[in-house]
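Hi there,

Here is the structure I promised to pass on to you. Have a look at it first, and then read my notes below.

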Amino acid sequence: MRTDPFRTLWAAVGISNLADGVNLAAAPLLAATLTSDPVAIAGLTVAQRLPWLFSLVSGAIVDRADRRTVVRAATGVRAVTLGALAVSVALGFASMPLLYVVFVVLGTCETLFDNASAALVPALVPSDGLEKANGRIQTTFVALNEFAGPPIGGFLLAIALALPFAAGSLGLVASLAVLTLLPRSAPGGEPAERRSLWADIRTGAHWYWRSPVVRSLSFLSGVGNAMTGASYGLLVLVGDQRLNVSPRGYGVMLAVGAIGAVAGGLVADRIARRVPAPVLILVTSVISAGAVAALGLVRSPALAAAALAVDGFVVLVLSVVIVSLRQRLVPSELLGRVNAVYFTVALGGLAVGGLGGGAIARLAGLPAPFFVFAALMLLTTLAVLPAIRSASRGPA
C-alpha cells in the first residue's frame, strides 16, 4: 500500500515530540533528586539550548546529506542516549554531569532533526499545501510536546525514576520505525558540491543576508521570541503577585493558552487562504503585542487566561504563515543553511527577552517588560512590513 510521505513524516514528528515532552518535564524532576542547587537544575535547559549556538554547522550538514538520513540518524541517536540514561538511572548511576551530557547530545540531535524535517516539508507537499502541512506539524508540537508530554512525564517519574526516560527511548524507536517508511523516491537534500563546511555556511549566510524578506521575517520572529521570553518568563510572578492564583490555577492559565495555540494551528491554513500574507503578518503581530501588553495590565486570572489564549492563537497562525513563506522563498538546496541562520537569529530572541525582561522588571516594576516588548514588537512589525510586502510582488 502506498503511504503518503508527508503523513509519514508528520506521524514521526508527533511521536518524537511526545517523547521530548515527557523527558523535558521529567529531567528537572530527576535533577531535583540529585541536587537542590537551582542554578544546577536550570543548567539543564542551557545544556539543551547550547547546541543551537552551533546550528549553522547543522544546517550545512542538512544541505549536504539526504535529509531522510539526517532525521533517521538524529532520532536513532536520541533513542540510544535516552535508553542509556534510563539504564543509568535504574542502576543508581545518575548524576548531574551525566544529565548535562545527555541534554547536550539531545540538543545537538534536535538541531539536525528540526532543520532537516522542516526542509523536507516543501519537498513532500505542493506549494499551496504548505500552510496546512505546517499547521498540522506546529499544532502537533504544542499538543504533544507542551500539553500532553509534561504531565505524562511527571506521572511516569512518580512510578519509577527511570520510567519516563525508558518510555521516551521507546517512543523515539517507534518514531524511527515510522521514518523508515518514507519512500526512497521522496525528495531530500541533494549532495552538495564538495567544498569546505565553512564555505557552505558562508553561502547560506550570504543568501540569507541578501534576501530582505527572509531577513525581515527572522528579525520579526526574533523580536516576537524576545517578547515571549520576557513575558512568559515573568508570568509566574504575575500569577503570584498580581493575580493571586494558586499553582493549580497557574497551570490552568497555561493550559488555556495552549488550547488557543492548538486552535490557531488547526485553522491557520484556512485563514491564510483568505488573507494575504503581509496583511496576516501585520494583524497577528499587532494582536499578539496587544495580548502581551494586556498581561501587564489585567488583575483577573480569567482575563489573563483569555489574553494567553488569544496570544497563543495568533502566534501559531503567524508562525505557520512565516514558515510557509520561508519555505517558498528559499531554494531547496540552501534551505538547511538558511534555516540555520534564521533559527540562530529567531531563537536568540528568547535568551535576550528572558534576560532583558528580568532586568526591566527589576528597574521599572513587574508590568514594565510587558509594555516595553509589546511596543518593540509593534515597531519591528512596522519597520519590516515593506520588505515582507515585496514577497507578494516577486522573488526575495
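**What I found**

Asparagine 244 counts as exposed because its relative accessibility is 62% (exposed means over 50% relative accessible area, buried under 20%, and partly exposed in between, with a 1.4 Å probe and protein chains only). Before going further, please keep in mind that this is a predicted model, in which local features need pLDDT of at least 70, side-chain atom pairs count only at pLDDT 80 or more, and totals for chains, interfaces and linings use all residues. Residues are numbered from 1 along each chain as its sequence is written, and side-chain values use heavy atoms, with hydrogens and water left out.

Back to asparagine 244: you will find this residue in the loop between helix 9 and helix 10. Helices here are DSSP runs of H or I with at least four residues, numbered from the N terminus. Most residues other than glycine have a negative phi. Asparagine 244 has a positive phi, near 55°.

Valine 245 sits in that loop between helix 9 (212-242) and helix 10 too. Is valine 245 buried or exposed? Valine 245 is buried, because its relative accessible area is 18%. Leaving aside neighbours within four places in sequence, valine 245 is in contact with Gly239, Tyr250, Met253 and Pro301 (contact means heavy atoms within 4.5 Å). Valine 245 and proline 301 are 56 residues apart in sequence, with their C-alpha atoms 7.1 Å apart in space.

Next, the pair formed by helix 10 and helix 12. Two packed helices are described by the angle between their axes and the distance between the axes. For helix 10 (residues 247-274) and helix 12 (residues 301-329), the axes come within 6 Å and cross at roughly 35°. Those axes are lines fitted to C-alpha atoms over the stretch in contact, and angles run from 0 to 180 degrees between N-to-C directions. Which residues meet here? Gly257, Gly260, Ala261 and Gly264 are among those in helix 10, and the helix 12 side includes Ala305, Leu308, Gly312 and Phe313.

Alanine 272 belongs to helix 10 and counts as buried, because its relative accessibility is 19%. Not counting residues up to four places away in sequence, alanine 272 touches Glu131, Leu280 and Val321.

Now for the nonpolar cores. Such a core is a set of buried Ala, Val, Leu, Ile, Met, Phe, Trp, Tyr and Cys residues joined through side-chain atoms within 4.5 Å. The largest one has 76 residues, and Leu217 and Ile281 touch the most other members. Apart from that core lies another, of 22 residues, including Ala47, Met96, Leu99 and Leu106.

Helix 7 (residues 163-179) has 17 residues, and its buried residues include Phe165, Gly168 and Leu172. They pack against helix 1 (5-34), helix 4 (67-90), helix 5 (96-124) and helix 6 (130-159). In helix 8 (residues 197-210), the buried residues are Ala199, Asp200, Ile201, Gly204 and Tyr208. Helix 3 (55-64), helix 9 and helix 13 (335-364) are among what covers them.

Enjoy exploring!

Note on methods:
Helix = DSSP H or I, 4+ residues; strand = E, 2+ residues; numbered from the N terminus. Expected span 1.5 Å × (residues − 1).
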